[in-house]
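Morning, everyone. Please have a look at the chain on the screen, and then I'll walk you through it.

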Amino acid sequence: MPTIDVVIALSAEACRAHYEGRVDSVYTWSLDGRRVVFPATALRRVVTRDGVHGIYRLGFSSAGQFETIRRLL
């Protein structure tokens, strides 16, 4: 499964907008400088009361569809 490591820094309020469906996608940067877009629904797996902050590994299918998110740091 192809993976990419990204930095995510979202406040609790920004996560709420994603959770409520007001925002469909998350835009962020990979550690190697690529722009990455993935479904906002993925944040539901990793959000805390403070939001989402850290480095995460995103996993994608061979067709490029988002599949997994895991916190690294």
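Let's start with the helix: which residues are buried in H1? They are Cys15, Ala17 and His18. Buried here means under 20% relative accessible area, exposed means over 50%, and partly exposed is in between, with a 1.4 Å probe and protein chains only. Looking down the axis of H1, the buried residues fall within an arc of 155°, so they line one face of the helix. That arc is taken from the directions from the helix axis to the C-beta atoms.

Before going on, a word on the source. This is a predicted model, where local features need pLDDT of at least 70, side-chain atom pairs count only at pLDDT 80 or more, and totals for chains, interfaces and linings use all residues. Residues are numbered from 1 along each chain as its sequence is written, and side-chain values use heavy atoms, with hydrogens and water left out.

As for the labels, helices (H or I, at least four residues) and strands (E, at least two) are DSSP runs, numbered from the N terminus.

Now the sheet. What is the order of its strands? The sheet is open, has five strands, and reads S3-S2-S1-S4-S5, with antiparallel pairing. Two strands pair if DSSP finds at least two bridges between them. S3 and S5 stand at the edges with a single partner strand each, so one side of each has no neighbour in the sheet. On average, neighbouring strands are turned by 40° against each other, direction ignored.

S2 and S3 run antiparallel and are joined by five bridges. Tyr27 is opposite Val37 in S3. S4 and S5 make a hairpin with five residues between them, and Gly64 in the turn has a positive phi of about 90°.

Back to the helix. Where does H1 lie? H1 lies across S1, S2 and S4, at about 115° to S1. Axes are lines fitted to C-alpha atoms, for helices over the stretch in contact, and angles run from 0 to 180 degrees between N-to-C directions. The buried residues of H1 pack against S1 (3-10), S2 and S4 (52-60). Contact means heavy atoms within 4.5 Å. Just after H1 comes Gly21, with a positive phi of about 85°.

On to the core. Nonpolar side chains tend to be buried together in soluble globular proteins. A nonpolar core is a set of buried Ala, Val, Leu, Ile, Met, Phe, Trp, Tyr and Cys residues joined through side-chain atoms within 4.5 Å. The largest one has 18 residues, and Ile8, Phe38, Leu58 and Ile69 touch the most other members. S1, S3 (35-39), S4 and S5 (66-71) each give two or more residues to this core. Phe38 has contacts beyond four places in sequence that include Ile8, Val26, Leu43, Leu58, Phe66 and Ile69.

Ser30 sits in S2 (residues 25-30). Is Ser30 buried or exposed? Ser30 counts as buried, because its relative accessibility is 6%. Apart from neighbours within four places in sequence, Ser30 is in contact with Ile4, Asp5, Val6 and Val36. Gly51 is in the loop between S3 and S4. At 2% relative accessibility, Gly51 is buried too. Gly51 and Ser11 are 40 residues apart in sequence, yet 4.6 Å apart in space, C-alpha to C-alpha. Gly51 also touches residues including Leu10, Ala12, Cys15 and Val46.

Last, the charges. How many salt bridges are there? The count is four, a salt bridge being a side-chain nitrogen of Lys or Arg within 4 Å of a carboxyl oxygen of Asp or Glu. One joins Glu13 and Arg16 at 2.4 Å, N to O. These two are three residues apart in H1 (residues 12-19), so about one helical turn separates them. Glu13 is partly exposed at 46%, and Arg16 is partly exposed at 39%. Another links Arg22 and Glu20 at 2.9 Å, N to O. Arg22 is exposed at 53%, while Glu20 is partly exposed at 47%. Asp32 also pairs with Arg34, with the closest N and O atoms 2.9 Å apart.
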